[in-house]
Protein chains: 2
Amino acid sequence: MPVRKGSTIDPERTRTGIIEAATPLLYERGLDGIGVAELCARLGASKETVYRYFGSKEGLIQAVLEARSKRVTSWIAGAVAAAGDDPRDQLTAVFDELQRWYDDPGFRGCAMQNAAAQHHVEAVREITSRHLDRRLDLLTAIARRAGAADPDTLGRQLLLLVEGATLVAAHHDRNAGKHAKQAALALLPTVSTSTGTV
Amino acid sequence: MPVRKGSTIDPERTRTGIIEAATPLLYERGLDGIGVAELCARLGASKETVYRYFGSKEGLIQAVLEARSKRVTSWIAGAVAAAGDDPRDQLTAVFDELQRWYDDPGFRGCAMQNAAAQHHVEAVREITSRHLDRRLDLLTAIARRAGAADPDTLGRQLLLLVEGATLVAAHHDRNAGKHAKQAALALLPTVSTSTGTV
DNA sequence: GATAGATAGAACTGATCGGTACGAACTCAG
DNA sequence: CTGAGTTCGTACCGATCAGTTCTATCTATC
């Protein structure tokens, strides 16, 4: 329950509290799978409050997706940072983290992928696209550190494996992260010329 | 307009006509993005007819997805068959076909992927899973013909590239098919031992 | 040409949806 | 203590939805 009755001490706290509480509900049920009334009831907030902060259900959805994108991005970036300097270790860390996510019983695919597939709204498409931009940047940086001849292309190939693994894990094979990891490592240059360490 | 007024000569014709007419509408607007009333109006069929043949909107959706899965599967299988015996040519044909699809202005992602992401219904999940089963079989066969040491694993890796390319093409980069093709060819054994041609 | 089955089209139902309005309860500043 | 602002809870509104029913009309068959 993110909010109390009466005047709010910290409006920003209220806002983020609503977002955090709404995130799992929209993820589990789907963006159109839960109505504003039930959403607010489970949030412990009133419709009036939600509409004051976000203007519409669409506004709440976009705020939730933005927050989710940032969290996921920093989660992956953190795994890379914790893996040391070897790009092979970094890539291994990424796919191991993903596989741990797929193993979670609550895993229902990537919220960003699901939203883009079900929600035909330009703003949501932009959020998803920016999300993939950030992910591509991270993977391209690893490709560059690995000394790839064409880091941009390798980065895009790695992006296909990450997104493909998440989708296949959701709909077909929970072990997709392991296969993606093998493929990703196989795509890296076999001998690290390490000309692109910076 | 799949149906005329009056008694029908061929009920199966009516059924497939409804499915074919409904397919692009559900694809463009999303499964929940168009109501049964508008759907029937655009189909030129009455609600009574649709409900007689399919029982519910859900039944129509499942019939549309089944038909779509079969069409797409035979489309890809046809491209492989037309590419000759070299597994590298076959894989190239698959990704070239996919890229041609992504280049279509009407491309809005894979209907199967979209349905699975937006529709939290067990039956739809099963249709999608079987669809990916068939696709995995096809890719594993190519991997085997290519002489892969572990055709099952390579097949699954190729599946990640196919599905990842379709998703990324829909939401981020229309050229995903070209990058996927390069990655797929790089994953194939460099020297075709061709022990698995049969 | 009479009959039976299938159809289009439109009216209708009950439920649910997003969004608004309002009163009562609450907090904080003065 | 008072008043302004915030919140909850509920009631409400108009629109839309999936699904049903009815009638008039069409076609194939006998």
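**Fold and assembly**

Modeller: From the N terminus on, the elements of chain A run α-α-α-α-α-α-α-α-α. The model is predicted, with local features needing pLDDT of at least 70 and side-chain atom pairs pLDDT 80 or more, while totals for chains, interfaces and linings use all residues. Residues are numbered from 1 along each chain as its sequence is written, chains are lettered from A and ligands numbered from 1 in the order in which they are written, and side-chain values use heavy atoms, leaving out hydrogens and water.

Colleague: How many helices and strands are there in chain A?

Modeller: Helices (H or I, at least four residues) and strands (E, at least two) are taken as DSSP runs, numbered from the N terminus. On that basis chain A has 9 helices and 0 strands.

Colleague: What area is buried between chain A and chain B?

Modeller: The contact (heavy atoms within 4.5 Å) takes 38 residues from chain A and 38 residues from chain B. Buried area is the accessible area (1.4 Å probe) that two parts lose on being put together, summed over both. Carbon and sulfur atoms give 68% of the total, which is about 3,100 Å².

Colleague: Which residues of chain A lose the most area to chain B?

Modeller: Together they account for 23% of what that side buries. They are A:Leu160, A:His171 and A:His172.

Colleague: Which residue of chain B forms a salt bridge with A:Asp173?

Modeller: A salt bridge is a side-chain nitrogen of Lys or Arg within 4 Å of a carboxyl oxygen of Asp or Glu, and the rule finds 2 across the interface of chain A and chain B. For A:Asp173 the closest N and O atoms are 3.1 Å apart, and the partner is B:Arg156.

Colleague: By about how much of a helix are A:Arg156 and A:Asp152 separated?

Modeller: Their side chains meet in a salt bridge (3.4 Å, N to O). Because A:Arg156 and A:Asp152 are 4 residues apart in helix H8 (residues 151-171) of chain A, the separation is about one helical turn.
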